Amino acid sequence: MPITFNSNNRKVLDALRDLIIDEFPGTPVVFEDPERLRPKFSQFFNIIPGESVVLERYAGSSLREYEAFIRFYLRKPRLDNFKTNLFDYMSNIGERLTKLILNNNKYEDTRDSFSENLDGFGELPDPFVTVRTYRWHHGRIESIDYNPSRSDREDKRDLQIFEATFLCNVQENT
């Protein structure tokens, strides 16, 4: 008998991307390996999957912790008179990202799962319209590194980078 498989890691990453896109409209979010990265935008986020660790096993489920690295890239010249302003800008983005995750430490999709089924005149509301899809709980930015190690492709004089470590817990049914 085949197993039932849910890609919870991908669901966590997609939900994280959606949160960042909503908070930072116009700033692209990509999923690229830093070793193959080609900066195409003046500023953007890159989400890199990290480790997945089983914290506890239960009968019929498990509690798993997912990790992702969120890198923010800003292409600006590194001139002496801009250093303070660049750090202020980068730290403001980092703090805003931290607050965004803090405000969404328990994340559920807000899209109505079955609302497209209500199309007839005079139908009673479907009780499943208010169903929300659980993605994670205890989401947090564990740390922010404003001087992370760089790949060869990221080692550019005019490229500013910070890396935030995102962690969350997901209750998975088996």
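Student: How many bridges hold strand 2 and strand 3 together, and in which sense do they pair?

Tutor: Strand 2 and strand 3 are antiparallel, with 13 bridges between them.

Student: Which residue of strand 6 is the bridge partner of I141?

Tutor: That's F166 again. Strand 5 and strand 6 pair in the antiparallel sense, over six bridges.

Student: OK, zoom out. What's the strand order in the sheet?

Tutor: The order is 1-2-3-6-5-4, in an open sheet of six strands with mixed pairing. At the edges sit strand 1 (29-30) and strand 4 (107-109), each pairing on one side only.

Student: Is strand 6 mostly covered or mostly open?

Tutor: Mostly covered: 13 of the 15 residues in strand 6 are buried. One of the residues in strand 6 is N169, and N169 counts as buried because its relative accessibility is 9%.

Student: What does N169 touch, leaving out its neighbours within four places?

Tutor: Quite a list. N169 is in contact with L55, L63, R64 and E65, and also with Y134, W136, H137, H138 and R140.

Student: H138 is on that list. What's its phi?

Tutor: Phi of H138 is near 55 degrees, a positive value in a residue other than glycine. Most residues other than glycine have a negative phi. H138 is in strand 5, and with a relative accessible area of 45% it is partly exposed.

Student: New topic: the nonpolar core. How many residues are in the largest one?

Tutor: The largest nonpolar core has 29 residues. Those with the most contacts inside it are L16, I20, F45, I70, L97, W136 and F166.

Student: Which elements supply at least two residues of it each?

Tutor: Both kinds of element show up: helix 1 (8-23) and helix 2 (83-103), together with strand 2 (43-58), strand 3 (61-75), strand 5 (133-145) and strand 6 (159-173). There is also another core apart from this one, with six residues, including L37, F44, Y73 and I161.

Student: What does L97 touch?

Tutor: Setting aside residues up to four places away in sequence, L97 touches I20, F24, I70, I141, F162 and A164.

Student: And helix 1, which of its residues are buried?

Tutor: N8, V12, L13, A15, L16, D18, L19 and I20 are the buried ones in helix 1. Residues three or four places apart in an α-helix point the same way, because there are 3.6 residues a turn. Helix 1 has 16 residues and reaches 23 Å from first C-alpha to last, close to the 22 Å expected.

Student: What about R135, buried or exposed?

Tutor: Buried: the relative accessibility of R135 is 15%, and the cut-off for buried is under 20%. R135 lies in strand 5. Beyond residues up to four places away, R135 touches K11, V12, A15, Y107, E108, D109 and V170.

Student: How far is the C-alpha of R135 from that of C168?

Tutor: 9.4 Å separates the two C-alpha atoms, while R135 and C168 are 33 residues apart along the chain.

Student: Where's T27, and what does it touch?

Tutor: T27 is in the loop between helix 1 and strand 1. Not counting residues up to four places away in sequence, T27 touches Q43, F44, F45 and F72. T27 counts as buried because its relative accessibility is 10%.

Student: Last thing, confidence. What's the mean pLDDT of the chain?

Tutor: The mean is 84, and 79% of the residues reach 70 or more. Over residues 112-119, though, pLDDT is below 50, and that stretch has 14 contacts in the model beyond near neighbours in sequence. Where pLDDT is low, the predicted coordinates should not be read in detail.

Note on methods
Residues numbered from 1 in each chain as written. Predicted model: local features only at pLDDT ≥ 70, side-chain atom pairs only at ≥ 80, totals over all residues. Heavy atoms only, no water. Core = buried A, V, L, I, M, F, W, Y, C linked by side-chain atoms within 4.5 Å. Buried < 20%, exposed > 50% of the residue type's maximum accessible area, 1.4 Å probe, protein only. Helix = DSSP H or I, 4+ residues; strand = E, 2+ residues; numbered from the N terminus. Contact = heavy atoms within 4.5 Å. Pairing = 2+ DSSP bridges. Expected span 1.5 Å × (residues − 1). pLDDT = per-residue confidence, 0-100.
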